[in-house]
Amino acid sequence: MAKQGVTIGFGTGDPPSVGALDLLAEGRVAALIDNGLTAEDTLRMATLGGATALGLATVTGSIEPGKYADLVCFDLNRLSCQPTLRVPESILFGATREQASDVWTSGRAAVAGGHLLAFDEQELSTFARKWSQRVGTGDKP
């Protein structure tokens, strides 16, 4: 479909039904299913393709002047990403979401050194556990 000019973007489902939200895993599956899909094409679908599908390509999805500074840094020093001869392949086929070391949204740091900046991770974990128990037992919040 991409070769026919159809805009393709990746998304994830809702956490209770799919577990961890992992856009890299979604892209990895797509690239493995379609062996003509390059890592570059797949990462483009995950970034600019998603923005285009949502009608947001003029403001996000690629690194250009005037667009939101939404960026992710991946730590490619792990063995699964070595050797890092081709960065797109290392990211798509070797990295996991846990290797997102730094994230910026709209130019503001959201993750630094692999840790959330705006939220307490322990508090979020406790909150998620409580809601999981309520949803699992049918208790009302």
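The lining of the largest pocket

Author: With 9 residues, α3 provides the largest share of the lining of the largest pocket. The model is a predicted one, in which local features need pLDDT of at least 70 and side-chain atom pairs count only at pLDDT 80 or more, while totals for chains, interfaces and linings use all residues. Residues are numbered from 1 along each chain as its sequence is written, and side-chain values use heavy atoms, with hydrogens and water left out.

The space in this pocket (an open set of 1 Å grid points with protein on both sides within 12 Å along at least five of seven lines, lining residues having an atom within 4 Å of a point) comes to about 1700 Å³. Its lining is made up of 43 residues, of which Leu23, Thr47, Val72, Phe74 and Val103 are the closest to the centre. Two or more lining residues come from each of α2 (23-33), α3, β1 (71-74), α4, β2 (100-105) and β4 (115-116). By class, the lining holds 24 nonpolar, 12 polar and 7 charged residues; here Asp, Glu, Lys and Arg are charged, Ala, Val, Leu, Ile, Met, Phe, Trp, Tyr, Cys and Pro nonpolar, and the others, Gly among them, polar.

These elements belong to a chain with 5 helices and 4 strands, which are DSSP runs of at least four residues (H or I) and at least two (E) respectively. Along the sequence their order is α-α-α-β-α-β-β-β-α. The C-alpha atoms of the chain occupy a box of roughly 50 × 35 × 30 Å along the principal axes.

Two of the lining helices, α3 (residues 39-53) and α4 (residues 87-94), pack with their axes 9 Å apart and at an angle of about 65°. Their arrangement is therefore roughly perpendicular, a term for angles of 65 to 115 degrees, and their crossing is left-handed, the near helix being turned anticlockwise from the far one by less than a right angle. On the α3 side, Ala39, Glu40, Thr42 and Leu43 meet Pro88, Glu89, Ile91, Leu92 and Phe93 of α4. This contact of α3 with α4 comprises 6 nonpolar, 1 polar and 2 charged residues.

Helix α4 also packs against α2, at an angle of about 105° and with the axes 8 Å apart. The two helices, α2 and α4, are therefore roughly perpendicular as well. Leu24, Gly27, Arg28, Ala31 and Leu32 of α2 form the contact (heavy atoms within 4.5 Å) with Ile91, Leu92 and Phe93 of α4. Of the residues in the contact of α2 with α4, 6 are nonpolar, 1 is polar and 1 is charged.

Pro83 is placed in the loop between β1 and α4, where a cis peptide bond, with omega about -10°, joins Gln82 to Pro83. Ser106 lies in the loop between β2 and β3 (108-112), and its phi is near 50°, a positive value in a residue other than glycine.

Conventions: Axes are lines fitted to C-alpha atoms, for helices over the stretch in contact, and angles run from 0 to 180 degrees between N-to-C directions. Angles under 35 degrees count as roughly parallel, over 145 as roughly antiparallel, 65 to 115 as roughly perpendicular and the rest as oblique. On a 1 Å grid over the protein atoms alone, a cavity is a set of points where a 1.4 Å probe fits but cannot get out, and a pocket is an open set with protein on both sides within 12 Å along at least five of seven lines; lining residues have an atom within 4 Å of a point. Grid points are joined across faces, edges and corners, and a volume is the space filled by probe spheres set on the points.
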